[in-house]
Amino acid sequence: MTAPTDPYRSSQAHAPRRGPDPMGPAAALEGAAGSGGPADQAQQEAARRHLWLHFTRMSAYNEADVPVIERGEGQYVYDQRGKRYLDGLSGLFVTQIGHGRREVAEAGARQAAELAYFPLWSYAHPRAVELAERLAALAPGDLNRVFFTTSGSEAVESAWKLAKQYFKTTGQPGRYKVLSREIAYHGTSMGALAITGLPSIKEPFEPLTPGGVRVPNTNFYRAPGFISDDLAAFGLWAADEIERAILMEGPDSVAAVYLEPVQNSGGCFPPPPGYFARVREICDRYGVLLVSDEVICAFGRLGYYFGSQRYGYQPDIITFAKGVTSGYAPLGGMLASDRLMEPFSEGSATFLHGVTFAGHPVSSAVALANLDVFEKEDLLGNVRANEATFRATLEKLYDLPIVGDVRGDGYFYGIEMVKDKATRETFSDEESERLLRGFLSQALFDAGLICRADDRGDPVIQLAPPLTCGPEHFTEMEQILRSVLTQAWSQL
Ligand SMILES: Cc1ncc(COP(=O)(O)O)c(C=O)c1O
(Lines give C-alpha, C1' and ligand atoms only; values in the text may rest on other atoms or scores of the structure.)
Protein backbone atom coordinates (compact mmCIF):
# COMPACT_ATOMS: atom_id res chain seq x y z
CA MET A 1 0.00 0.00 0.00
CA THR A 2 2.82 2.37 0.77
CA ALA A 3 4.73 4.28 -1.87
CA PRO A 4 8.41 4.17 -0.96
CA THR A 5 9.06 7.40 -2.82
CA ASP A 6 6.94 9.39 -0.39
CA PRO A 7 8.25 9.15 3.13
CA TYR A 8 5.10 10.72 4.49
CA ARG A 9 2.85 8.30 2.73
CA SER A 10 2.87 5.84 5.55
CA SER A 11 3.40 8.24 8.39
CA GLN A 12 1.37 10.77 10.24
CA ALA A 13 0.89 12.91 7.20
CA HIS A 14 -1.67 15.49 6.32
CA ALA A 15 -3.91 15.93 3.40
CA PRO A 16 -2.67 18.65 1.12
CA ARG A 17 -6.25 19.56 0.36
CA ARG A 18 -7.56 20.24 3.85
CA GLY A 19 -6.30 20.17 7.38
CA PRO A 20 -7.02 16.74 8.82
CA ASP A 21 -4.28 14.36 9.76
CA PRO A 22 -5.53 10.95 8.77
CA MET A 23 -2.48 9.32 10.25
CA GLY A 24 -2.52 11.11 13.54
CA PRO A 25 -4.93 11.28 16.41
CA ALA A 26 -6.21 14.69 15.55
CA ALA A 27 -7.48 16.46 12.50
CA ALA A 28 -8.14 20.07 11.61
CA LEU A 29 -11.04 22.02 12.90
CA GLU A 30 -12.14 23.38 9.57
CA GLY A 31 -15.90 23.43 9.60
CA ALA A 32 -16.00 22.35 13.24
CA ALA A 33 -16.73 24.82 16.01
CA GLY A 34 -17.78 28.39 15.37
CA SER A 35 -15.19 30.82 14.09
CA GLY A 36 -12.77 32.10 16.69
CA GLY A 37 -12.23 35.64 17.90
CA PRO A 38 -8.97 37.63 17.75
CA ALA A 39 -7.26 35.49 20.41
CA ASP A 40 -8.15 32.36 18.50
CA GLN A 41 -6.79 33.86 15.29
CA ALA A 42 -3.58 34.97 16.97
CA GLN A 43 -3.11 31.45 18.31
CA GLN A 44 -3.64 30.03 14.83
CA GLU A 45 -1.13 32.42 13.34
CA ALA A 46 1.45 31.61 16.00
CA ALA A 47 0.91 27.89 15.52
CA ARG A 48 1.28 28.20 11.74
CA ARG A 49 4.33 30.40 12.05
CA HIS A 50 6.26 28.66 14.83
CA LEU A 51 5.04 25.18 15.67
CA TRP A 52 6.43 22.15 13.86
CA LEU A 53 4.06 19.21 14.21
CA HIS A 54 5.43 15.68 14.18
CA PHE A 55 4.96 13.46 11.13
CA THR A 56 2.81 16.18 9.61
CA ARG A 57 2.57 17.75 6.20
CA MET A 58 2.75 21.29 7.47
CA SER A 59 1.55 22.66 4.13
CA ALA A 60 -1.88 21.33 5.00
CA TYR A 61 -2.16 24.19 7.47
CA ASN A 62 -1.29 26.97 5.10
CA GLU A 63 -5.01 27.46 4.68
CA ALA A 64 -6.72 25.20 7.19
CA ASP A 65 -6.75 25.69 10.94
CA VAL A 66 -4.32 23.83 13.14
CA PRO A 67 -6.38 21.64 15.49
CA VAL A 68 -5.89 22.79 19.06
CA ILE A 69 -6.98 20.58 21.94
CA GLU A 70 -7.19 22.66 25.07
CA ARG A 71 -8.43 20.52 27.93
CA GLY A 72 -9.60 17.07 28.88
CA GLU A 73 -12.02 15.51 31.28
CA GLY A 74 -12.55 11.80 31.71
CA GLN A 75 -12.89 10.13 28.33
CA TYR A 76 -13.37 13.43 26.47
CA VAL A 77 -11.20 16.31 25.25
CA TYR A 78 -12.26 19.81 24.23
CA ASP A 79 -10.85 22.10 21.59
CA GLN A 80 -10.14 25.78 22.11
CA ARG A 81 -13.63 26.61 20.91
CA GLY A 82 -15.26 24.29 23.42
CA LYS A 83 -16.21 21.47 21.07
CA ARG A 84 -16.14 18.01 22.71
CA TYR A 85 -14.49 14.88 21.28
CA LEU A 86 -14.53 11.31 22.55
CA ASP A 87 -10.86 10.40 22.95
CA GLY A 88 -10.95 7.02 21.27
CA LEU A 89 -7.15 6.84 21.10
CA SER A 90 -6.18 7.94 24.63
CA GLY A 91 -4.27 10.79 22.99
CA LEU A 92 -1.71 8.48 21.40
CA PHE A 93 -2.25 5.20 23.28
CA VAL A 94 -1.31 7.04 26.47
CA THR A 95 -4.11 8.34 28.69
CA GLN A 96 -5.16 5.07 30.34
CA ILE A 97 -6.87 6.67 33.37
CA GLY A 98 -8.54 9.39 31.31
CA HIS A 99 -8.07 13.14 31.41
CA GLY A 100 -8.31 15.72 34.18
CA ARG A 101 -7.29 13.65 37.21
CA ARG A 102 -6.44 16.18 39.89
CA GLU A 103 -4.85 13.68 42.27
CA VAL A 104 -2.28 12.68 39.65
CA ALA A 105 -1.56 16.28 38.65
CA GLU A 106 -1.20 17.22 42.32
CA ALA A 107 1.21 14.35 42.97
CA GLY A 108 3.43 15.84 40.25
CA ALA A 109 3.14 19.35 41.69
CA ARG A 110 3.98 18.16 45.22
CA GLN A 111 7.05 16.36 43.94
CA ALA A 112 8.25 19.41 41.97
CA ALA A 113 8.01 21.46 45.17
CA GLU A 114 9.93 18.85 47.19
CA LEU A 115 12.60 17.89 44.65
CA ALA A 116 12.07 19.02 41.09
CA TYR A 117 15.05 17.28 39.62
CA PHE A 118 17.92 15.06 40.40
CA PRO A 119 19.61 12.63 38.02
CA LEU A 120 19.71 8.86 38.24
CA TRP A 121 23.40 9.05 37.39
CA SER A 122 25.05 7.70 40.56
CA TYR A 123 22.18 8.97 42.73
CA ALA A 124 18.71 7.72 43.46
CA HIS A 125 15.66 9.68 44.59
CA PRO A 126 12.79 8.25 46.64
CA ARG A 127 10.13 8.17 43.92
CA ALA A 128 12.38 6.34 41.44
CA VAL A 129 13.18 3.76 44.11
CA GLU A 130 9.50 3.27 44.98
CA LEU A 131 8.47 3.09 41.36
CA ALA A 132 11.21 0.62 40.41
CA GLU A 133 10.20 -1.64 43.30
CA ARG A 134 6.54 -1.41 42.35
CA LEU A 135 7.12 -2.13 38.67
CA ALA A 136 9.38 -5.09 39.50
CA ALA A 137 6.59 -6.52 41.68
CA LEU A 138 4.06 -6.13 38.85
CA ALA A 139 6.29 -7.50 36.08
CA PRO A 140 6.38 -11.17 35.16
CA GLY A 141 9.08 -13.58 36.41
CA ASP A 142 12.55 -12.26 37.16
CA LEU A 143 12.17 -8.88 35.46
CA ASN A 144 13.35 -7.09 38.57
CA ARG A 145 15.61 -4.33 37.34
CA VAL A 146 14.22 -1.06 36.01
CA PHE A 147 16.26 1.24 33.79
CA PHE A 148 14.27 4.43 33.29
CA THR A 149 14.19 6.60 30.16
CA THR A 150 11.94 9.46 29.10
CA SER A 151 10.32 7.87 26.02
CA GLY A 152 9.52 4.66 24.21
CA SER A 153 12.20 5.16 21.56
CA GLU A 154 14.80 5.57 24.29
CA ALA A 155 13.51 2.44 25.99
CA VAL A 156 13.85 0.49 22.73
CA GLU A 157 17.36 1.88 22.17
CA SER A 158 18.35 1.12 25.76
CA ALA A 159 17.30 -2.51 25.39
CA TRP A 160 19.37 -2.86 22.24
CA LYS A 161 22.39 -1.26 23.90
CA LEU A 162 21.97 -3.50 26.94
CA ALA A 163 21.77 -6.59 24.72
CA LYS A 164 24.93 -5.56 22.85
CA GLN A 165 26.94 -4.73 25.94
CA TYR A 166 25.66 -7.80 27.79
CA PHE A 167 26.85 -10.10 25.01
CA LYS A 168 30.19 -8.29 24.72
CA THR A 169 30.66 -8.59 28.46
CA THR A 170 29.77 -12.29 28.52
CA GLY A 171 32.02 -13.48 25.72
CA GLN A 172 29.68 -13.34 22.73
CA PRO A 173 30.82 -10.09 21.08
CA GLY A 174 29.48 -11.03 17.65
CA ARG A 175 25.84 -10.68 18.70
CA TYR A 176 24.48 -7.31 17.61
CA LYS A 177 21.58 -7.89 15.20
CA VAL A 178 17.92 -7.48 16.10
CA LEU A 179 14.93 -9.10 14.47
CA SER A 180 11.57 -7.35 14.35
CA ARG A 181 8.38 -7.65 12.30
CA GLU A 182 7.32 -6.11 9.04
CA ILE A 183 5.35 -2.86 9.41
CA ALA A 184 6.03 -2.79 13.18
CA TYR A 185 6.77 0.62 14.74
CA HIS A 186 9.39 0.69 17.47
CA GLY A 187 10.29 4.40 17.51
CA THR A 188 12.13 7.04 15.55
CA SER A 189 15.60 7.64 16.98
CA MET A 190 18.32 6.11 14.79
CA GLY A 191 18.63 2.81 16.65
CA ALA A 192 14.91 2.41 17.25
CA LEU A 193 14.29 3.31 13.62
CA ALA A 194 16.58 0.48 12.54
CA ILE A 195 14.27 -1.86 14.48
CA THR A 196 11.10 -0.25 13.05
CA GLY A 197 9.75 -2.19 10.08
CA LEU A 198 8.30 0.67 8.01
CA PRO A 199 10.55 1.30 4.97
CA SER A 200 8.97 4.63 4.10
CA ILE A 201 9.86 6.36 7.39
CA LYS A 202 13.38 4.90 7.37
CA GLU A 203 14.41 5.66 3.82
CA PRO A 204 15.27 9.39 4.28
CA PHE A 205 17.61 8.53 7.15
CA GLU A 206 19.59 5.66 5.67
CA PRO A 207 22.12 4.42 6.46
CA LEU A 208 20.69 3.52 9.85
CA THR A 209 22.31 1.63 12.71
CA PRO A 210 23.36 -1.69 11.16
CA GLY A 211 21.73 -4.92 12.29
CA GLY A 212 17.96 -4.58 11.78
CA VAL A 213 16.40 -7.68 10.20
CA ARG A 214 12.71 -8.17 9.31
CA VAL A 215 10.47 -11.18 9.88
CA PRO A 216 6.75 -11.64 9.03
CA ASN A 217 4.09 -10.19 11.31
CA THR A 218 0.93 -11.96 12.51
CA ASN A 219 -1.65 -10.34 10.24
CA PHE A 220 -3.89 -13.39 9.77
CA TYR A 221 -6.33 -11.46 7.56
CA ARG A 222 -3.50 -11.16 5.03
CA ALA A 223 -1.90 -14.54 5.73
CA PRO A 224 -0.14 -16.24 2.80
CA GLY A 225 -2.52 -18.44 0.79
CA PHE A 226 -0.99 -21.77 1.77
CA ILE A 227 -1.80 -21.17 5.42
CA SER A 228 -4.69 -18.71 5.35
CA ASP A 229 -7.37 -21.01 6.79
CA ASP A 230 -5.61 -22.23 9.95
CA LEU A 231 -4.81 -19.60 12.59
CA ALA A 232 -2.69 -21.85 14.80
CA ALA A 233 -0.65 -23.16 11.86
CA PHE A 234 -0.19 -19.58 10.64
CA GLY A 235 1.10 -18.56 14.07
CA LEU A 236 3.60 -21.38 14.17
CA TRP A 237 4.71 -20.59 10.63
CA ALA A 238 5.26 -16.92 11.59
CA ALA A 239 7.24 -17.97 14.67
CA ASP A 240 9.30 -20.45 12.67
CA GLU A 241 10.18 -17.65 10.26
CA ILE A 242 12.04 -16.11 13.20
CA GLU A 243 14.10 -19.27 13.49
CA ARG A 244 14.74 -19.22 9.77
CA ALA A 245 15.96 -15.61 9.99
CA ILE A 246 18.23 -16.43 12.93
CA LEU A 247 19.77 -19.30 10.98
CA MET A 248 20.09 -17.18 7.88
CA GLU A 249 21.84 -14.34 9.74
CA GLY A 250 23.97 -16.73 11.79
CA PRO A 251 22.83 -17.38 15.37
CA ASP A 252 26.07 -16.00 16.79
CA SER A 253 25.29 -12.60 15.27
CA VAL A 254 21.75 -12.20 16.63
CA ALA A 255 21.26 -10.38 19.94
CA ALA A 256 17.51 -9.94 20.28
CA VAL A 257 14.03 -10.27 18.83
CA TYR A 258 11.67 -7.32 19.38
CA LEU A 259 7.97 -8.11 19.37
CA GLU A 260 4.91 -6.25 20.60
CA PRO A 261 2.30 -8.42 22.35
CA VAL A 262 -0.25 -7.01 19.85
CA GLN A 263 1.44 -5.30 16.90
CA ASN A 264 0.11 -1.78 16.61
CA SER A 265 1.24 -0.62 13.21
CA GLY A 266 -0.74 -2.24 10.42
CA GLY A 267 -3.83 -2.21 12.62
CA CYS A 268 -3.62 -4.40 15.76
CA PHE A 269 -2.34 -7.90 14.99
CA PRO A 270 -2.87 -10.16 18.03
CA PRO A 271 -0.61 -13.18 18.39
CA PRO A 272 -2.12 -16.45 17.15
CA PRO A 273 -2.38 -19.21 19.76
CA GLY A 274 0.99 -20.84 20.35
CA TYR A 275 2.97 -18.04 18.67
CA PHE A 276 4.79 -16.69 21.70
CA ALA A 277 5.43 -20.14 23.21
CA ARG A 278 7.18 -21.12 19.97
CA VAL A 279 9.10 -17.81 19.82
CA ARG A 280 10.28 -18.33 23.40
CA GLU A 281 11.52 -21.84 22.51
CA ILE A 282 13.38 -20.49 19.48
CA CYS A 283 15.01 -17.68 21.46
CA ASP A 284 16.15 -20.16 24.11
CA ARG A 285 17.49 -22.56 21.49
CA TYR A 286 19.74 -19.89 19.96
CA GLY A 287 20.49 -17.78 23.04
CA VAL A 288 18.65 -14.77 21.62
CA LEU A 289 16.95 -12.26 23.96
CA LEU A 290 13.20 -11.79 23.68
CA VAL A 291 12.31 -8.11 24.04
CA SER A 292 8.61 -7.49 24.54
CA ASP A 293 8.04 -3.94 23.32
CA GLU A 294 5.09 -2.94 25.47
CA VAL A 295 5.20 0.80 24.91
CA ILE A 296 1.53 0.50 23.95
CA CYS A 297 0.48 -2.88 25.35
CA ALA A 298 1.51 -2.46 29.01
CA PHE A 299 -0.48 -0.79 31.77
CA GLY A 300 -3.90 -2.21 31.13
CA ARG A 301 -4.28 -1.79 27.39
CA LEU A 302 -4.84 -5.56 27.16
CA GLY A 303 -6.39 -5.99 30.63
CA TYR A 304 -3.07 -6.82 32.35
CA TYR A 305 -0.20 -4.73 33.65
CA PHE A 306 1.92 -6.25 30.90
CA GLY A 307 0.83 -7.67 27.58
CA SER A 308 3.17 -10.64 27.99
CA GLN A 309 1.10 -11.66 31.03
CA ARG A 310 -2.02 -11.84 28.91
CA TYR A 311 -0.40 -14.21 26.43
CA GLY A 312 1.62 -16.15 29.00
CA TYR A 313 5.19 -15.65 27.84
CA GLN A 314 8.29 -14.59 29.72
CA PRO A 315 10.36 -11.85 28.06
CA ASP A 316 14.00 -11.13 28.90
CA ILE A 317 13.29 -7.41 28.65
CA ILE A 318 10.08 -5.39 28.60
CA THR A 319 10.17 -1.87 27.18
CA PHE A 320 7.45 0.52 28.35
CA ALA A 321 6.45 4.21 28.24
CA LYS A 322 3.11 5.95 27.51
CA GLY A 323 0.59 4.40 29.95
CA VAL A 324 3.05 4.19 32.86
CA THR A 325 2.13 7.81 33.65
CA SER A 326 -1.06 8.02 31.55
CA GLY A 327 0.71 10.99 29.99
CA TYR A 328 0.54 13.28 33.02
CA ALA A 329 4.34 13.49 32.63
CA PRO A 330 6.75 11.76 30.25
CA LEU A 331 8.44 8.53 31.30
CA GLY A 332 9.67 5.32 29.74
CA GLY A 333 11.97 2.49 30.64
CA MET A 334 12.96 -1.11 30.38
CA LEU A 335 12.54 -3.93 32.83
CA ALA A 336 15.44 -6.35 32.54
CA SER A 337 15.86 -9.80 34.00
CA ASP A 338 18.19 -10.46 36.92
CA ARG A 339 20.32 -12.51 34.52
CA LEU A 340 20.99 -9.49 32.28
CA MET A 341 21.92 -7.34 35.25
CA GLU A 342 24.33 -9.88 36.68
CA PRO A 343 27.46 -9.03 34.64
CA PHE A 344 27.01 -5.39 35.67
CA SER A 345 26.74 -6.07 39.38
CA GLU A 346 30.41 -6.84 40.11
CA GLY A 347 33.66 -4.87 40.05
CA SER A 348 34.04 -2.04 37.57
CA ALA A 349 31.37 -3.27 35.13
CA THR A 350 29.00 -0.45 34.15
CA PHE A 351 26.14 -0.22 31.66
CA LEU A 352 27.49 2.77 29.72
CA HIS A 353 24.23 4.49 28.96
CA GLY A 354 22.00 7.20 30.42
CA VAL A 355 19.85 10.27 29.74
CA THR A 356 19.40 13.38 31.86
CA PHE A 357 15.66 13.27 32.44
CA ALA A 358 15.26 9.49 32.82
CA GLY A 359 13.15 8.61 35.84
CA HIS A 360 12.47 12.29 36.47
CA PRO A 361 11.17 12.80 40.01
CA VAL A 362 7.94 14.45 38.82
CA SER A 363 7.31 11.69 36.28
CA SER A 364 8.05 9.01 38.86
CA ALA A 365 5.65 10.58 41.36
CA VAL A 366 3.02 10.83 38.66
CA ALA A 367 3.54 7.18 37.68
CA LEU A 368 3.01 6.09 41.29
CA ALA A 369 -0.19 8.14 41.50
CA ASN A 370 -1.29 6.71 38.16
CA LEU A 371 -0.80 3.16 39.45
CA ASP A 372 -2.79 4.09 42.57
CA VAL A 373 -5.71 4.98 40.30
CA PHE A 374 -5.35 1.64 38.50
CA GLU A 375 -5.63 -0.15 41.84
CA LYS A 376 -8.36 1.98 43.43
CA GLU A 377 -10.61 1.76 40.40
CA ASP A 378 -9.64 -1.75 39.29
CA LEU A 379 -9.00 -0.58 35.75
CA LEU A 380 -7.63 -3.96 34.69
CA GLY A 381 -10.89 -5.48 35.93
CA ASN A 382 -12.85 -2.89 33.96
CA VAL A 383 -11.05 -3.80 30.74
CA ARG A 384 -11.50 -7.52 31.31
CA ALA A 385 -15.17 -7.12 32.19
CA ASN A 386 -15.94 -4.94 29.16
CA GLU A 387 -13.60 -6.09 26.41
CA ALA A 388 -16.08 -8.62 24.99
CA THR A 389 -18.70 -5.87 24.76
CA PHE A 390 -16.18 -3.57 23.07
CA ARG A 391 -15.42 -6.24 20.50
CA ALA A 392 -19.11 -7.09 19.96
CA THR A 393 -19.99 -3.41 19.53
CA LEU A 394 -17.28 -2.88 16.92
CA GLU A 395 -18.20 -6.13 15.17
CA LYS A 396 -21.67 -4.67 14.48
CA LEU A 397 -19.85 -2.67 11.81
CA TYR A 398 -19.34 -5.85 9.79
CA ASP A 399 -22.67 -5.16 8.10
CA LEU A 400 -21.00 -2.23 6.27
CA PRO A 401 -19.48 -3.14 2.89
CA ILE A 402 -16.25 -1.23 3.66
CA VAL A 403 -15.44 -3.12 6.88
CA GLY A 404 -13.22 -6.12 6.11
CA ASP A 405 -11.72 -7.05 9.45
CA VAL A 406 -12.18 -6.09 13.09
CA ARG A 407 -9.23 -7.26 15.17
CA GLY A 408 -7.51 -6.70 18.47
CA ASP A 409 -7.77 -7.55 22.14
CA GLY A 410 -8.52 -5.69 25.35
CA TYR A 411 -9.10 -2.00 24.62
CA PHE A 412 -6.98 -2.04 21.47
CA TYR A 413 -8.69 -2.53 18.10
CA GLY A 414 -8.10 -2.03 14.41
CA ILE A 415 -10.79 -1.97 11.73
CA GLU A 416 -9.45 -2.74 8.28
CA MET A 417 -11.28 -1.13 5.38
CA VAL A 418 -11.53 -2.93 2.04
CA LYS A 419 -12.84 -2.23 -1.42
CA ASP A 420 -14.28 -5.72 -1.82
CA LYS A 421 -15.18 -7.76 1.23
CA ALA A 422 -15.43 -11.06 -0.62
CA THR A 423 -11.97 -10.87 -2.22
CA ARG A 424 -10.41 -8.69 0.52
CA GLU A 425 -9.19 -6.37 -2.23
CA THR A 426 -7.66 -3.28 -0.73
CA PHE A 427 -7.62 0.28 -2.06
CA SER A 428 -5.14 1.67 -4.55
CA ASP A 429 -2.71 4.26 -3.23
CA GLU A 430 -4.74 6.98 -4.85
CA GLU A 431 -8.01 5.71 -3.36
CA SER A 432 -6.40 5.34 0.02
CA GLU A 433 -5.11 8.90 -0.15
CA ARG A 434 -8.57 10.12 -1.06
CA LEU A 435 -10.30 7.95 1.54
CA LEU A 436 -8.03 8.62 4.50
CA ARG A 437 -6.63 12.06 3.89
CA GLY A 438 -9.36 13.43 1.72
CA PHE A 439 -12.31 12.36 3.82
CA LEU A 440 -12.21 9.94 6.74
CA SER A 441 -9.96 11.63 9.22
CA GLN A 442 -11.61 15.00 8.86
CA ALA A 443 -15.08 13.50 8.96
CA LEU A 444 -14.39 11.43 12.08
CA PHE A 445 -12.92 14.44 13.81
CA ASP A 446 -15.82 16.65 12.79
CA ALA A 447 -18.17 14.00 14.11
CA GLY A 448 -16.43 14.20 17.49
CA LEU A 449 -14.25 11.09 17.55
CA ILE A 450 -10.48 11.08 18.06
CA CYS A 451 -9.09 7.92 16.51
CA ARG A 452 -6.42 7.04 14.01
CA ALA A 453 -6.91 6.40 10.33
CA ASP A 454 -3.70 4.83 9.09
CA ASP A 455 -2.37 3.18 5.96
CA ARG A 456 1.12 2.22 7.00
CA GLY A 457 -0.10 -1.27 6.16
CA ASP A 458 -3.52 -1.61 4.59
CA PRO A 459 -5.99 1.15 5.52
CA VAL A 460 -7.26 0.83 9.07
CA ILE A 461 -8.97 2.82 11.76
CA GLN A 462 -7.52 2.27 15.21
CA LEU A 463 -9.14 2.62 18.59
CA ALA A 464 -7.48 2.54 22.01
CA PRO A 465 -9.80 4.40 24.41
CA PRO A 466 -9.11 5.20 28.08
CA LEU A 467 -9.45 2.14 30.30
CA THR A 468 -12.27 3.86 32.16
CA CYS A 469 -14.56 3.55 29.13
CA GLY A 470 -17.67 1.41 29.23
CA PRO A 471 -20.48 0.29 26.92
CA GLU A 472 -21.89 3.81 26.42
CA HIS A 473 -18.56 4.96 24.98
CA PHE A 474 -18.31 1.91 22.73
CA THR A 475 -21.77 2.69 21.38
CA GLU A 476 -20.80 6.31 20.74
CA MET A 477 -17.72 5.16 18.81
CA GLU A 478 -19.72 2.63 16.81
CA GLN A 479 -22.38 5.16 15.88
CA ILE A 480 -19.88 7.76 14.70
CA LEU A 481 -17.91 5.14 12.76
CA ARG A 482 -21.08 3.74 11.19
CA SER A 483 -22.20 7.11 9.96
CA VAL A 484 -18.78 8.24 8.68
CA LEU A 485 -17.87 4.90 7.06
CA THR A 486 -21.25 4.83 5.32
CA GLN A 487 -20.56 8.25 3.85
CA ALA A 488 -17.02 7.20 2.89
CA TRP A 489 -18.37 4.21 0.97
CA SER A 490 -20.86 6.38 -0.90
CA GLN A 491 -18.07 8.72 -1.98
CA LEU A 492 -15.78 6.04 -3.36
C1 LIG B 1 5.67 -0.27 20.24
C2 LIG B 1 6.32 1.08 20.30
N3 LIG B 1 7.62 1.18 20.58
C4 LIG B 1 8.23 2.37 20.65
C5 LIG B 1 7.54 3.54 20.43
C6 LIG B 1 8.25 4.86 20.52
O7 LIG B 1 7.81 5.58 21.62
P8 LIG B 1 8.06 7.16 21.74
O9 LIG B 1 7.19 7.81 20.74
O10 LIG B 1 7.67 7.47 23.17
O11 LIG B 1 9.51 7.39 21.51
C12 LIG B 1 6.18 3.49 20.15
C13 LIG B 1 5.41 4.72 19.92
O14 LIG B 1 4.26 4.72 19.60
C15 LIG B 1 5.55 2.22 20.07
O16 LIG B 1 4.25 2.11 19.78
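I began at Leu481, which touches Leu394, Leu397, Ile415, Leu444, Leu449, Ile461, Leu463 and Thr486 once residues up to four places away in sequence are set aside; contact here means heavy atoms within 4.5 Å. The model is a predicted one, in which local features need pLDDT of at least 70 and side-chain atom pairs count only at pLDDT 80 or more, while totals for chains, interfaces and linings use all residues. Residues are numbered from 1 along each chain as its sequence is written, and side-chain values use heavy atoms, with hydrogens and water left out.

I then looked up the largest nonpolar core, which has 68 residues, and noted that Leu135, Phe299, Leu440 and Leu481 touch the most other members. Such a core is a set of buried Ala, Val, Leu, Ile, Met, Phe, Trp, Tyr and Cys residues joined through side-chain atoms within 4.5 Å, buried being under 20% relative accessible area (1.4 Å probe, protein chains only). Helix α12 (residues 361-376; helices are DSSP runs of H or I, at least four residues) gives the most to this core, with eight residues. Apart from it I found another core, of 26 residues, including Ala159, Leu193, Leu340 and Phe344.

I read 2.6 Å from a polar side-chain atom of Ser153 to a ligand oxygen atom, and 2.8 Å from a backbone N or O atom of Gly152 to an oxygen atom of the ligand. A side-chain N or O atom of Asp293 lies 2.8 Å from a nitrogen atom of the ligand.

Note on methods: A polar contact is a pair of N or O atoms within 3.5 Å; within protein, one must be able to donate a hydrogen and the other to accept it, and residues adjacent in sequence count only if both atoms are side-chain atoms. Buried means under 20% relative accessible area, exposed over 50%, partly exposed in between (1.4 Å probe, protein chains only). Helices (H or I, at least four residues) and strands (E, at least two) are DSSP runs, numbered from the N terminus.
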